[in-house]
Amino acid sequence: MKNQIKICFLMILLGTITPHSWGATECCQNIRRIVEPVVEITTLPSQSGGVITSGNGLLAPTSVKFSLMTNSDDNDYDFVLQASVKTSGNGNVNAYFENNSSGYIVLANALNKPSLQSVENIKNLSSRASDNPNAIAYLLSTTGSGRDGVSLKTSGNYGGYYYEINKGDNQLFTVSQTASGLPLRNTYSFESDRAGVYEATITFSAYKRP
C-alpha cells in the first residue's frame, strides 16, 4: 500500500507541474569584429644579374620575381609593378615603355648615368644609338600566376607606364619579369654606351584604395 501511495503521489505531482510549464525561450547576441585586409609582398630567388655582350649588346636572361600574399580582393588594393632608372640631372625616371604593343625596360649605366633626354630618346624610339648614351632598352617578358595575370597600362599617377596585377580570387600570387635578348634597335652602341653595370629598379607595391 505504501508503494501505491508513492506512485500515485508522483503521478499527481507530474500532472500538476505539466500544465504550468513555460514554453521554450531564447535570446541571441552576435559577436562581430572586422578582419582588416592584409598584404605581404616578398622577393623570391631570381636571376637579377646578367652579362651584356659588348659586341652586340646581347643580354643574358635577367629577372626579378615577387610573391604576394593577401586576404583581400582586387577591390581593396591596386597592385602595381613600377620601374625606374637614375639619371644624371633629374633623379629617378620611369623605365618602362611600350613599343608595338610590347613592354620594354630601360637599363641605365649606374656610374655614368644617362641624362633624362637620353632615356626619353629611347622611349621615343630615336633612330640613332648616339642619341641615348649610357641607356639601353630590352624587351620584357612579364608573367603572373593568377587567372587574370598582368597588363601594361599608363597613368600619370604612376609616372607613365606600369604593370597592373590582376590576382583575381587568388590569395597567393607570384609575378616575374625577365629582360633578355638583343637590345631594341638603335639603343645600343659600344661607342656610345660606356662599360659598367646597367640597372633598373623594379618595385612591386600595394596601394590601398579609399
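Contact here means heavy atoms within 4.5 Å. The model is predicted: local features need pLDDT of at least 70, side-chain atom pairs count only at pLDDT 80 or more, and totals for chains, interfaces and linings use all residues. Residues are numbered from 1 along each chain as its sequence is written, and side-chain values use heavy atoms, with hydrogens and water left out.

View 1. Helices (H or I, at least four residues) and strands (E, at least two) are DSSP runs, numbered from the N terminus. Is S72 buried or exposed? S72 is buried, with a relative accessible area of 7%. Buried means under 20% relative accessible area, exposed over 50%, and partly exposed in between (1.4 Å probe, protein chains only). Apart from neighbours within four places in sequence, S72 is in contact with P37, V39, Y77, F79 and K167. The side chains of S72 and T70 make a polar contact at 2.8 Å. Such a contact is a pair of N or O atoms within 3.5 Å; within protein, one must be able to donate a hydrogen and the other to accept it, and residues adjacent in sequence count only if both atoms are side-chain atoms.

**View 2. Q171 beside L68.** Q171 sits in the loop between β9 (160-165) and β10. Its relative accessibility is 48%, so Q171 counts as partly exposed. Along the chain, Q171 and L68 are 103 residues apart, yet their C-alpha atoms are separated by 7.8 Å. Leaving out neighbours within four places in sequence, Q171 is in contact with L68, M69, T70 and N71.

**View 3. The largest pocket.** How much space lies in this pocket? The volume is about 570 Å³. The lining has 27 residues, and those closest to the pocket centre are I52, L59, L107, Y198 and E199. A pocket is found on a 1 Å grid over the protein atoms alone, as an open set of points where a 1.4 Å probe fits, with protein on both sides within 12 Å along at least five of seven lines; lining residues have an atom within 4 Å of a point. Grid points are joined across faces, edges and corners, and the volume is the space filled by probe spheres set on the points. β2 (59-70), β6 (102-109), β7, β10 and β11 each supply at least two lining residues. β2 gives the most, with four. By class, the lining has 15 nonpolar, nine polar and three charged residues. Ala, Val, Leu, Ile, Met, Phe, Trp, Tyr, Cys and Pro count as nonpolar, Asp, Glu, Lys and Arg as charged, and the others, Gly among them, as polar.

**View 4. The salt bridge between D78 and R209.** The whole structure holds four salt bridges. Each is a side-chain nitrogen of Lys or Arg within 4 Å of a carboxyl oxygen of Asp or Glu. D78 and R209 meet at 2.7 Å, N to O. This pair links distant parts of the chain: D78 is in strand β3, R209 in the segment after β12 (201-208), and they are 131 residues apart. D78 is partly exposed at 24% relative accessibility. R209 is partly exposed too, at 30%.

**View 5. The salt bridge between K153 and E164.** The closest N and O atoms are 2.8 Å apart. K153 lies in strand β8 (residues 150-155) and E164 in strand β9, eleven residues away. K153 has a relative accessible area of 34% and is therefore partly exposed.

**View 6. Helix α2, with the pair K123 and E120.** K123 forms a salt bridge with E120, with 3.7 Å between the closest N and O atoms. The two residues are about one helical turn apart because three residues separate them in α2. K123 is buried at 18% relative accessible area, whereas E120 is partly exposed at 27%. The buried residues of α2 are S118, V119, N121, I122 and K123. Their cover includes β3, β4 (91-94), β5 (96-99), β6 and β7. L125 follows α2 and has a positive phi, near 60°.

**View 7. Positive phi at N134 and N186.** N134 is not a glycine, yet its phi is about 65°. N134 lies in the loop between α2 (116-123) and β7 (135-144). With 11% relative accessibility, N134 counts as buried. N186, also a residue other than glycine, has a phi near 70°. The loop that holds N186 runs between β10 (172-181) and β11 (198-199). N186 counts as partly exposed, at 28% relative accessibility.
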